[in-house]
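Subject: Structure handover

Hi,

Here is the structure for you to look at. My notes follow below it.

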Amino acid sequence: MKQNRFNTAFITRAGLIGALYIALTFVSQFVGLASGAIQFRLSEALTILPMFTSAAVPGLTVGCILANLLTGCAMWDVVFGSFATFIGAVGTYLLRKTGKPLLGCLPPIISNMIIVPIVLMKVYGVEDAYPYLVFTVGVGEVVCCGILGVLLYRALRRSGRFEDL
């Protein structure tokens, strides 16, 4: 009986995180910043959640896949952008025991700065724009993952509601 309760809680957490990722991506999409060369996805602040729960890894990954599909991203972005989110989420989860949110923010920032510019180059046919796209994607990731993510981490730690998930 205990195993079923764990699985239900895990799936529920993952689903809620995925749904929140989608909703926040739509907020960014509404102001035209969810995709393209300049991206400020508010949903990327949630990439800090693997420091609290392993359920955030599938939640963020599936949320990103669905958000990319629902906002009309190119298939390259659906596949490889979501893969960047998965890599970042796993990296953050592996750093959870450090208790240092700045370290936890690095995997999603780095994976997105490396992978997403390649996707954008392919989608938009701008083969010589990699340094520019690394910069623009990087700025958005630092703001959303780094600054907003650390603020979210601190708020959740202070609330005490996400301890030992």
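Start with serine 111. Serine 111 is buried, because its relative accessible area is 8%, and the cut-off for buried is under 20%. Bear in mind that this is a predicted model.

Serine 111 sits in helix α4, which covers residues 101-124. Two backbone oxygens face its side chain. The side chain reaches the backbone oxygen of alanine 84 at 2.8 Å. A polar atom of the serine 111 side chain also lies 3.4 Å from the backbone oxygen of proline 108.

What does serine 111 touch, not counting residues up to four places away in sequence? The list is Ala84, Ile87, Gly88 and Val116.

Next, the nonpolar cores. The largest one has 20 residues. Tyr21, Leu49 and Leu60 have the most contacts inside it. Four elements are named as giving two or more residues to this core: α1 (2-30), α2 (56-70), α4 and α5 (130-159). Which element gives the most to this core? That is α2, with 5 residues.

Leaving aside neighbours within four places in sequence, leucine 49 is in contact with Ile17, Ala56, Leu152 and Leu156.

Another core lies apart from the one described above. This core has 6 residues, including Leu120, Met121, Ala129 and Val137.

That is what I have for now.

Best wishes

Note on methods: Residues are numbered from 1 along each chain as its sequence is written. This is a predicted model: local features need pLDDT of at least 70, side-chain atom pairs count only at pLDDT 80 or more; totals for chains, interfaces and linings use all residues. Side-chain values use heavy atoms; hydrogens and water are left out. Buried means under 20% relative accessible area, exposed over 50%, partly exposed in between (1.4 Å probe, protein chains only). A polar contact is a pair of N or O atoms within 3.5 Å; within protein, one must be able to donate a hydrogen and the other to accept it, and residues adjacent in sequence count only if both atoms are side-chain atoms. Contact means heavy atoms within 4.5 Å. A nonpolar core is a set of buried Ala, Val, Leu, Ile, Met, Phe, Trp, Tyr and Cys residues joined through side-chain atoms within 4.5 Å.
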